[in-house]
Amino acid sequence: MATRAGTPEKEGGGLGRVFREEFRNRERRTAYYMILPTLLVILGVAFYPIAVSLINSFRLSLPGQPGGEWAGLQNYVYLFRDSPFQAAFINTVVFTVVSVALEFVIGLAVALAINRAFKARGLVRAAILVPWAFPIVVSAVMWRLMYQDQVGIINYIVTALGLIDQPILTDNVTVMIGAIVSDVWKTTPFMALLLLAGLQTIPGDVYEAAKVDGASRVQQFFRITLPLLGPSILVALLFRTLDSWRVYDLFWAMSDKQLESLSTYTYKAVRDSQLLFPVGNAAAVVTFLTAFLIAIFFIKVLGMKTSTEA
Amino acid sequence: MSSVVAERAGGRSGSSKRRGRLSRRDFLRLSGAGLAGAALLGGAGCGGGGEQTSGVTNLVFSFGPDDSGSLTQVVDRFNEEYQGEIQAEYRQMPSDTSSYFNQLRTEFQSGASPVDVIGGDVTWPAQLAANGWILDLSDLFTEDMRSDFVDATVQSCTYQDKVWGVPWFTDVGLLWYRQDLLEESGFSEGPQTWDELKEMAEKTSRDSGTEFGFIFQGAQYEGAVVDGLEYIWTSGGNVLTDSGEVLADQPDPITGLTTQRSMVEDGVSPIAVVNYKEPETHTAFLNGSAVFCRNWPYMYGLLKDPAQSQITPDQVEITTLPYNEGGESHSGLGGWNMYVNAASEDKLDAIWEFIRFFTMNDEQQRFRATSGGFLPPLKSLYEDQEILDSQPVVSIAGDALERALTRPISPFYSDVSLAMQRQFAESLKGAVTPEEAAQNLQQEISSRIELGQRLLVEDRSG
Amino acid sequence: MTAKGVSGGDVWNRILFYAGILLFVLVSVLPLLWVFKMSIISKGELQASPPTILPQDPTLESYAAIFADAGFLRSLLNSAVIAGVTTVVCLVLGSVAAYAIARLRFRFKSAFMTLILAIAFFPPVAIIGPLFSQFSEIGIVNTYASMIIPDVVFALPLTVWLLVAFFRELPFDLEEAAKVDGATTLQAFWKVIVPLSAPGVFTTAILTFIFAWNEFIFANTFSFDDSTRPVTVSIPSFAGVFTVNYGAQAAAAVVVTIPLVILVLIFQRRIVSGLTAGAVKG
């Protein structure tokens, strides 16, 4: 029984031949069977609905009503002109950029700090994992309680310090800041851990050599740490960026549905409103496409590797 | 290692036909296991509907949480009285009215709802009827019967000149204020107009050192739609008429929105009201932090309870809402009605008994009023001594109900409401001017209605 | 650290360093402590404005209230079932797929991995509408299945990714040895690889469980009543018709989070190595 498919396919043989070659090999056939269930689930539950959303976005229909008249790009035009959508889009961009930037900087600082051996390091590592374990919704409810104008401790402190003149939850700007703080609190540990892992793969003698050459700490950081950490940074940034881009739970619970993100807008249009359902599908497609573009950007432009060699 | 592996791999085990081949059974077993397991376990949780079994008609009645416990008791009483004939089951739905409605709508859209009798909000009949999901009750709920009910409540069940529900209990917006503080500042009577209210609020809060002059619901949600509409109505304006005319962009509504905004601008109300729903409102008022407060009658129950309130009922006076010149005092109507699932027509006789027991039975209504603080929809009960003794707020509520108005009756109310929610909140926050809000409202509601008429294939209420 | 002798600058650096660490730890843990405080004070003290720093009137009434609430207890059960089943399904499907990727050779491997990764980037909200229609048609709305299925889909990338990393760590000649002894590929998988990677599988299970436990958007959409609602949905809506019970929300938050925190603390080493192994080896 052959266990290796060593025959290279000929030019012009096409995909059909490739498939046949693949399936002739037993090991490979097994492999395909093994990935088949996962593949089916993913295609069926994720990609099929997005195709349906896409089709619906070009139609005018009500939820539960099949078909519907063809509307071309009408829904998209309405969408981009709709000021709540524009606000939601801007909110999402601002939230993503600021949150991820802060999480990165603070996370890196924490990772660098923990990387040095010191007492109680294990304890610290354990403590910073605590925020990560919370469900986002619970965390958001917690922070909202702290921001609330009657019983919230943070609102009280911040008002007493004279930093704001109206309660946190009444002004969209401060609500956004509050949401960012909550998100940074919750996910910086995760970022720090990812970066820490990357740091730990950098061999110590590189630093030794640099020190011998007289490089300062700062120089070491910029010339050695950052470049070697590059791949880990990109992975961490990509995941965090896309996570923030999809923000829903946090905005929903923290702002009591007042602050909109791309996802909350889409959800509202698709589920709460009857008539905005077609527009909601367009919003869903836009949300998906933008997330896709961000991923492409990271992978192609920034050269992030998604290696899969055995 | 090798021998262990050999031992485990065996020679020919039953599940493998040929060396190196993945047998179909193995494959199916693997991939089917998880999904099948999930599907099997997923069977739990679906609510059952009522069916006919051995002569007893089973009914399912839906409503939000039964905080006071009085609902469950009335259901028990009904079951006791109709034992052997009809048995009713109370199915709890989400506490938030919009969520409750969404769930109902979803169930109807996916083909069936297990609910026979719906305890629904006053804003729902048009939407439910236009889609053909509830029954026309005009023949059962005769004109004679209707005359026993408060007019506004019957109006809230009406759409296209037909009556689609029976009022169950009602609610109305009221003005509450600290009579003791007002007297100290030299005011012997409550305010008639909004301007008077502002004046009194400013002076009284200054004199007594009370934190807030006037608080009300201003958050972006359905409840604040009532507040916003109250300002508009008391200025003589309206937003959407029964015939579908959009009147938002007119001087009177703009005056109303301006009045609302001026509460915050002039410092009479704290900016925090843009986050206020009912809980925040009653918390602040019962803490003694406000002179005036716009809220529903439920607050009386909390006011009486020393564990929940720092102030006592004799410090508080309740009255109808103020108005602007050219307008009259109009409170927003709240409350809940009973609607019948169109698919349950075969059980209509039993259902009608159930509805009558809850809505037209003086004893049950009295019970709900005294133990739960639920305002009865029957006119006669507003003179009922027992109710008046236990819930003094009922008397002023009765007055307010005479001139209460319902929110716009439209088959697209969900979307109309979303538009109002947003514009009222934006105007209150000062993010847009009242004029802009009125314009936006006009444009948004008109376009929604137009879109709705195109999409709603047919209005099945006709 | 080079030994320079204890100079003033060095001590100062040290102090700053530890102060920074302390600050970071405090910030991480304080919100949890605050919520805990909110859960053990009375209703009256909860409404105190300005809020009190230390509990003045400690009571367990909030906890009593939530444990007396059948709905809340049921939601704990619901969360456990949903997260549990999701984890099992993910492990079954994911381990099989991860094995193929990590240890077998076949074309289209990178296409498949990209597809799986794409799910990790997917905005769930983009499929809620159609998924809801589909589930309504099949009739599984408001059942466990309606939440387990999307959870599985969105947890699979994590599961596969982690398991690929773990499987890769095992020596390659294991399969060869097994084949020599007459095992099929699948038998090699079940009987050799899986037992040996048990620690990795275990870690993956924990992380998958936490992920499914914390899921919100699908749960919020597909669960309608107490019989299926998990804790992530029931906590924000801890409200009666006109009242919000802050104490109950705080108590529920504590109850829901404590097990997760304990789990995380006990297994933190494994969790950290799992998360980072996946990330670094890519």
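Which side chains meet in a salt bridge at 3.2 Å, N to O? The side chains of B:D266 and B:K198 do. The pair links distant parts of the chain, 68 residues apart. B:D266 lies in the loop between α11 (251-265) and α12 (278-286) of chain B, and B:K198 lies in helix α9 (residues 194-208) of chain B. A salt bridge here is a side-chain nitrogen of Lys or Arg within 4 Å of a carboxyl oxygen of Asp or Glu. Over all chains, the search of the whole structure finds 18 salt bridges.

The model is predicted: local features need pLDDT of at least 70, side-chain atom pairs count only at pLDDT 80 or more, and totals for chains, interfaces and linings use all residues. Residues are numbered from 1 along each chain as its sequence is written, chains are lettered from A and ligands numbered from 1 in the order in which they are written, and side-chain values use heavy atoms, with hydrogens and water left out.

Chains C and A share an interface. In it, 97 residues of chain C are in contact (heavy atoms within 4.5 Å) with 89 residues of chain A. Together the two chains bury about 8600 Å², 77% of it on carbon and sulfur atoms. Buried area is the accessible area (1.4 Å probe) that two parts lose on being put together, summed over both.

Helices are DSSP runs (H or I, at least four residues), numbered from the N terminus. The axes of α2(A) and helix α5 (residues 109-121) of chain C come within 11 Å and cross at roughly 45°. Axes are lines fitted to C-alpha atoms, for helices over the stretch in contact, and angles run from 0 to 180 degrees between N-to-C directions. α2(A) and α5(C) are therefore oblique to each other. Angles under 35 degrees count as roughly parallel, over 145 as roughly antiparallel, 65 to 115 as roughly perpendicular and the rest as oblique. The crossing is left-handed, that is, the near helix is turned anticlockwise from the far one by less than a right angle. In α2(A), A:I35, A:T38, A:L39, A:I42, A:L43, A:A46 and A:F47 meet C:F112, C:L115, C:I116, C:A118 and C:I119 in α5(C). These residues divide into 11 nonpolar, one polar and no charged. Ala, Val, Leu, Ile, Met, Phe, Trp, Tyr, Cys and Pro count as nonpolar, Asp, Glu, Lys and Arg as charged, and the others, Gly among them, as polar.

Within chain A, α2 (residues 26-56) also packs with helix α13 (residues 277-301). Their axes come within 8 Å and cross at roughly 125°. α2(A) and α13(A) are therefore oblique to each other. The crossing is left-handed. A:I50, A:S53, A:L54 and A:N56 in α2(A) meet A:F277, A:N281, A:A284, A:V285 and A:F288 in α13(A). The contact holds six nonpolar, three polar and no charged residues.

Key: Helix = DSSP H or I, 4+ residues; strand = E, 2+ residues; numbered from the N terminus.
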